[in-house]
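Reader: Please show me the structure and then take me through it in questions and answers.
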Amino acid sequence: MSHRRFANGTNFSITPEGARALININDARLRLAETFHSGTNGARGGRAGIMEGFTPVLSSIGGILIGLAALALLFVNGRIAGISGITAGVLHPTQGNTLWRVIFLGGMVAGAMLVRWLHPEALAIRIDVSNAAVLLGGFLVGIGTRIGNGCTSGHGVCGVGRLAPRSLVASAVFFSVAVLTSWLIRHVTGAF
Amino acid sequence: MKYLAIFSSGLLFAVGLGVSGMTLPQKVIGFLDFSGENWDPSLGLVMITSAGVYMLLHRRVLRRPAPLFDTDFHVPARNDIDRPLVFGSMLFGIGWGMVGFCPGPAVTALVSGQTQVWIFFVAMVAGMYAEGTLAVSNRMLTQRGDAVDG
């Protein structure tokens, strides 16, 4: 047991094992933060160097978790884990087909709180367009994913994973249009 | 039990999104913006790993006679490429390319409490609601099928 007195007069005591455990946790947190830090800053930070924000390890782990979560939903109640479809289903409820959606979304919010607690860097969100553009963009994402019957999760992960022709086409379309749009508003017009 | 499992799937999904970095629009735009100064391949890797895991294992799940807590799998069977699929995906692509949020990350990012995230989410829900309302009236006129891909 070691005792220590801090400059501000408070006492602090800890066992050697406790100290080692704390140091280990702190090291792991720092490593995680370092791996991620470049990711939160990169991309459009205006610094030179290609792939600066790339987070290969975390992005791969996260991707695998997303895939497993989608498989779990298929295994449990036979549904496609499409977030746009699940959300929209709550807005227009039908008998016996709504509660599971609400529960799934509740699980997502709980997961998000876990992320905020353990890995707050993932919520250091920066949006580089005006509120008006965010409003318009959100509306287009909402109406577009319903007209096209799916988004990045339903078409992109589950549909592409099943090699479903409709999802392959949809994903090719929304990815290429997103690349084009991003380029147009960030490098050509600067309108937003 | 059923709802606990569904809850856990949602939880894992959101944790995956958070860990992958896809809750950050700046990382999504960092991928989409090929002509930016720093191209960030992270989103591409997330798509490859998530769809890859699904590709490897979904058949094993579908080979079972039924899901754990349902009588049938609800996997879309349509294979036709129609105009709504392409048109809707174009609209989605425009919104995604503008802001850098798609539905899953937008839902997950709500707990950040940031105003712009909430603006996006409310507008997205309004868009979904608008389409749902239009679709209901349309279906009465044209008997449009309502199979959902995702």
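Author: The buried residues of H6(A) pack against H2, H3 and H7 of chain A, together with helix H3 (42-62) and helix H5 (103-109) of chain B. Buried means that 20 or more other C-beta atoms, placed from the backbone, lie within 10 Å of a residue's own; helices are DSSP runs of H or I, at least four residues, numbered from the N terminus. This is a predicted model, in which local features need pLDDT of at least 70, side-chain atom pairs count only at pLDDT 80 or more, and totals for chains, interfaces and linings use all residues. Residues are numbered from 1 along each chain as its sequence is written, with chains lettered from A and ligands numbered from 1 in the order in which they are written.

Reader: How many residues of H6(A) are buried?
Author: H6(A) is mostly covered. Among its buried residues are A:His155, A:Val157 and A:Cys158. The count of buried residues in H6(A) is ten of ten.

Reader: Which helix supplies the largest share of the side of chain A that touches chain B?
Author: In total, 122 residues of chain A are in contact with 109 residues of chain B, contact meaning C-beta atoms, placed from the backbone, within 7 Å. Several helices of chain A each supply at least two residues of that side, including helix H1 (16-41) and helix H7 (165-188). The largest share, 21 residues, comes from H2(A).

Reader: What percentage of the residues of chain B count as buried?
Author: Chain B has six helices and zero strands. Its C-alpha trace spans about 50 × 40 × 30 Å along the principal axes. Of the 150 residues of chain B, the buried share is 53%.

Note on methods: Buried ≥ 20, exposed ≤ 12 C-beta atoms within 10 Å, placed from the backbone. Contact = placed C-beta atoms within 7 Å.
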